[in-house]
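Please consult the sequence and the structure alongside the text.

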Amino acid sequence: MSESVPQRIARLRGEIERHNYQYHTLDDPLITDAEFDAMFRELQALEIQYPSLTTPDSPTQRVGAAPRLSFTKVVHRSPMLSLNNAFNEEELRAFDVRTRETLGVAEVEYSVEPKFDGLAVTLTYRDGVFVQGATRGDGEVGEDVTQNLRTVRNIPLRLDSGRLAKPIPFIEIRGEVLMFKVDFIALNRQQADKGDKLFANPRNAAAGSLRQLNSQITSSRHLSFLAYGAGGVEGFILPDTHAEQLECLQKLSIPVPQERRVVSGPDGLLAYYREIGELRNKLPYEIDGVVYKVNNISQQTRLGYVSRAPRFALAHKFPAEEALTIVLDIEVQVGRTGALTPVARLAPVFVGGVTVTNATLHNEEEMRRKDIRIGDTVSVRRAGDVIPEVARVLLERRPVDTYEFKMPQVCPVCGAHVTKQPDEAIWRCSGGLFCPAQRKQAVLHFASRRALDIEGLGEKLVDQLVAQQWVHTPADLYKLNLRALAQLERMGEKSAQNLLDAIENSKQTTLARFIYALGIRNVGEATAKELARHFATLDNFISADETRLQLVPDIGPVVAQSIATFFSEPHNIEVIAQLRATGVRWPEQAEMAVQLLPLNANIFVLTGTLASMSRDEAKSRLETLGARVTGSVSQKTDYVVAGAEAGTKLSKARELNIAVLDEQQFLQLLNKNKMPAASN
């Protein structure tokens, strides 16, 4: 009996996906390219003839789509966390000791795998069909790159559940998109042939390719995917070890690293580390270390998390790579805060996976300590995404005509005087926000995602706005108009209107974001939140002297002095006044006197798993009520909130006779105060 059209289409799709898996994942093709192309063309022809039979999971739908205006946000079902790092054997063994002591066992079994140097993503499948893909983003919220991920050849658009006992209704798979070394070399060769800019390394090439607004460009780049675990599952029970879960993913035709192992104890971890280190240059993709995970899932749950990382996993980084080159010149860069940083201009050298032409010398004292001179032969070091630095000078190769570099007495950008505090090693430009170098960076920082979040205001556009002298301070952003913006390079009226809409939307923010956006030296995002919580109003914050500032948790003399110095500059106060005059504002509830917050000055510690909310949500709710949430139990702790599988923190709280709240008591506390969850 001959096949019906739907049957033929279904069979072709199954065969094509099987051969995609053999070719892209297993690197073991079963048919020739010509045979594969013939099947693909037949499927394309049938779908054109019968468009109603075309489905999103068809292999023909991997082709790129038209450009998108922007990426939509995706809130992760559970946070995509970072890993704590180890750089030597001592730190590895300390991790194993902590793990064994917490679990109360003599030896721990670990699942180990290479640490990919790629871009973390999550893939969501419903009823076996790939429905959404997103970047890691900030761990809580990523970007929807579904269309681009569809073009990655080794990501199955439909899971192969035939080798499992039953289909999986829902599964979220996490891993990394990367570019294999051979594909990276080919891509840069194409870029060079076209006269386009070369990519620095495979990771940057992969990240840039995946975040293209035009998925046709992504489709033209040879990206790959490797999974490192499952982020969540429904209607199916995954195996109870990490290694078996990876085996399960492989049965679904999800690509996983072939170099994974299961080992026991610290000696097993070290043996694997050395094995992969020897294989590193032979692997088809770049890695910067290995990852150790407690293999037993129930033990992982018992170990839990600390801050933004799991306690049950560790990344063991490889030593930084070094290479020799020559210092051609030394120049000075002026940073966002006015810091003058000497930078060595180097003869190009390949190190740590990239071609390096510049290396930071950090500051004048460091440059003098290492005795780095123009004309020296130096060893340049780079590890992962760390900025390249000059590790040492080869004095035995020093020519007679080398000479020392002297720091300038005026800013090389604006001509203002440079100053250095007696207790500092860094020279700083006194031009403040008027220095063009600081101006650009100040505006970029102000508009960044964790600050005022002005989407579309990138570096090239800021360069134009500053060059046109339309923007001298962040307050000038709110004075831009459509007619002028539309005349800028690569803008147009529609893009200009989108930018103006984003600027207008940024006016509604939070006090913490606004403080962070000001770019005060030594005030990061976490510090800004503490300042906003403590002072409650901007006026209170501005008027605080160094003594009052040091009453804020974790703020010492250095940070207090930075803040006081910032507000002592009249032009900074003027810019803030201009920003408020343009309509930049935050919710009224943030203006309540801090002493009126119900849990003001109370210190909480969270442990275990809460059924009703994530730990981040619980922390946010507490902070909105004025509480401070810390990661460890001490005599200063007022309450410990203990969820399921609470660990050593609960035991320590009982030892110290600290009040312990179970989940029901915690919810009663929140409901009693009836405060909404914080938005920042």
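This is a predicted model: local features need pLDDT of at least 70, side-chain atom pairs count only at pLDDT 80 or more; totals for chains, interfaces and linings use all residues.

Residues are numbered from 1 along each chain as its sequence is written, and side-chain values use heavy atoms, with hydrogens and water left out.

Helices (H or I, at least four residues) and strands (E, at least two) are DSSP runs, numbered from the N terminus. Two strands pair if DSSP finds at least two bridges between them.

Strand β10 (residues 287–294) runs antiparallel to β13 (residues 313–317), to which 5 bridges join it; V291 has A315 as its bridge partner in β13. The pairing of β10 with β3 is also antiparallel and extends over 6 bridges, and the partner of S111 in β10 is K293. Buried means under 20% relative accessible area, exposed over 50%, and partly exposed in between (1.4 Å probe, protein chains only). In β10, 8 of the 8 residues are buried, so this strand is largely enclosed by the rest of the structure.

**The four-stranded sheet**

A second open sheet has 4 strands in the order β5-β4-β7-β8, with antiparallel pairing. Here β5 (129–135) and β8 stand at the edges with a single partner strand each, so one side of each lacks a neighbour in the sheet. On average, neighbouring strands of this sheet are turned by 25° against each other, direction ignored. Strands β4 (residues 119–126) and β7 (residues 170–178) run antiparallel and are joined by 8 bridges, with L123 standing opposite I173 in β7.

**Helices on the sheets**

Contact means heavy atoms within 4.5 Å. Axes are lines fitted to C-alpha atoms, for helices over the stretch in contact, and angles run from 0 to 180 degrees between N-to-C directions.

| Helix | Strands touched | Angle |
|---|---|---|
| α6 (residues 202–210) | β4 and β7 | about 45° with β4 |
| α8 | β7 and β8 | about 110° with β8 |

S224 lies in strand β8 (residues 224–234). With a relative accessible area of 9%, S224 is buried. Not counting residues up to four places away in sequence, S224 touches V152, N154, E176, V177, L178 and F180.

P553 lies in the loop between α19 (546–549) and α20 (557–568). P553 counts as buried, at 18% relative accessibility. Leaving aside neighbours within four places in sequence, P553 is in contact with E530, R533 and R628. The C-alpha atoms of P553 and H534 are separated by 8.8 Å, although these residues are 19 residues apart along the chain.
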